[in-house]
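I opened the model to check its surface, its charge pairs and its sheet. My notes follow in the order I looked things up.

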Amino acid sequence: MSRIATLVDTLMDRTVVPGYTRLGPAVRRHLSTWPADPPPDALAGKRGLVTGASSGLGVATAEGLAALGAEVVLVVRDIDKGAKVVREIQGRLPLAQLVVQRCDLADLDDVRRFAAAADGDVDVLVHNAGAMPPTRTESPQGHEMTMALHVLSPVLLTDLLGERLRSGRVVLVTSGGMYTQRLREDDPEYLDGDYSPTTAYARSKRARVELLPVLQHRWRPLGVDVHATHPGWADTPGIADSLPTFRKLTGPLLRNAAEGADTTTWLSATEPGRAGGRLWHDRQSRPTQILRRTRTGAPERERLWAWVTEQLAL
């Protein structure tokens, strides 16, 4: 039965629509390969940081961690929006322990300020903050915005937290769209060609996944495991704002935010029993590359890492 379940799961994943839409968890939950839910107190006494926790997947992730007993720090750019989210979550979970802290994750100077002011240990760090600017936009330090927010910022924040994360877990939320793009370590700032917001977004998410083995190696001496998750196709404010046509065409099939954040929450609270440095979707480890035209080797990955370390002065 497990072989059949694995075959069904893999077929759904490779054919995309069945696996990425709300059909994915609806079917997979009934397969023998679906892992058990974490116990209700799985994160009791633990502390989690969730970036971009003012909407969509970030809110669902924060609520998911809080429901498992964690104290959750919502790291947001807009304090008022964060406070509203806290009120909404506590309306559903009156005992939830939630704190709002401000940080503009696209601003590397603000990331440094936030990390320097951080107190207490961190057991789970979820890098969820994301954006898809309609035109090429630069961060305060002059970096293309999606690379600043999706690559440079998470590496810098995790590195600066350092010992506070000892024996913790880092989860990078990526996108299934990254499968359509190869790593562009030769043009990380998207200076060549006509700018496309969806391509820039997918490229930066591809870069995030390509760095998994590098980051696992870098932070493993602290006992930190690094993983990435992708939510499938979830109906979030980001999709509504950035991809309205896609949302209109796929609306009835889109996952809700909780379904999109399920694997991030599960992975934050579960020891999968194997080494870190992997990509997950619907509670299963997935390949990081599928299409031949997007395949990446170690030399390209090393060049990207050299660019990251140069920009961050690591």
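This is a predicted model: local features need pLDDT of at least 70, side-chain atom pairs count only at pLDDT 80 or more; totals for chains, interfaces and linings use all residues.

Accessible areas come from the Shrake-Rupley method with a 1.4 Å probe, and for residues only the protein chains shown count as cover. A salt bridge needs a side-chain nitrogen of Lys or Arg within 4 Å of a carboxyl oxygen of Asp or Glu.

Residues are numbered from 1 along each chain as its sequence is written, and side-chain values use heavy atoms, with hydrogens and water left out.

I found a nonpolar surface patch made of I4, V8 and V27, with about 220 Å² of accessible area together. V8 sits in helix α1 (residues 2–14). I took helices (H or I, at least four residues) and strands (E, at least two) as DSSP runs, numbered from the N terminus. V8 is partly exposed, because its relative accessibility is 31%; buried means under 20%, exposed over 50%, partly exposed in between (1.4 Å probe, protein chains only).

**R22.** I placed R22 in the loop between α2 (17–20) and α3 (23–28). R22 counts as partly exposed because its relative accessible area is 35%. Leaving aside neighbours within four places in sequence, I listed its contacts (heavy atoms within 4.5 Å). R22 touches P252, L253, L254, R255, N256 and E259. I also checked R22 against G223: they are 201 residues apart in sequence and 34 Å apart in space, C-alpha to C-alpha.

**Salt bridges.** Side chains of opposite charge can pair when their charged atoms come close. I counted 22 salt bridges by the rule above.

- D13 and R14 meet at 2.7 Å, N to O. D13 is buried at 2% relative accessible area, while R14 is partly exposed at 41%.
- R220 pairs with D225, with the closest N and O atoms 3.0 Å apart. R220 is partly exposed at 42%; D225 is buried at 10%.
- R283 and D262 meet at 2.9 Å, N to O. This pair links distant parts of the chain, 21 residues apart: R283 is in the loop between β7 (278–281) and β8 (284–286), D262 in helix α12 (residues 257–269). R283 is buried at 3%, and D262 is buried at 14%.

Which residues are linked in a network of salt bridges? I found D9, R28, R255, D282 and R286.

**Sheet.** I traced an open sheet of 8 strands, with mixed pairing, in the order β3-β2-β1-β4-β5-β6-β7-β8. Its edge strands are β3 (97–102) and β8, each pairing on one side only. Pairing requires at least two DSSP bridges between two strands. Neighbouring strands are turned by 25° against each other on average, direction ignored. I looked at β6 (residues 225–229) and β7: they pair in the parallel sense over 3 bridges. A228 stands opposite L279 in β7.

**Helices on the sheet.** Axes are lines fitted to C-alpha atoms, for helices over the stretch in contact, and angles run from 0 to 180 degrees between N-to-C directions. I saw α12 lying across β4, β5, β6 and β7, at about 170° to β5.

How values were computed. Patches are made of residues with over 30% relative accessible area and no salt bridge: like charges are joined within 9 Å, nonpolar side chains (Val, Leu, Ile, Met, Phe, Trp, Tyr) within 5 Å.
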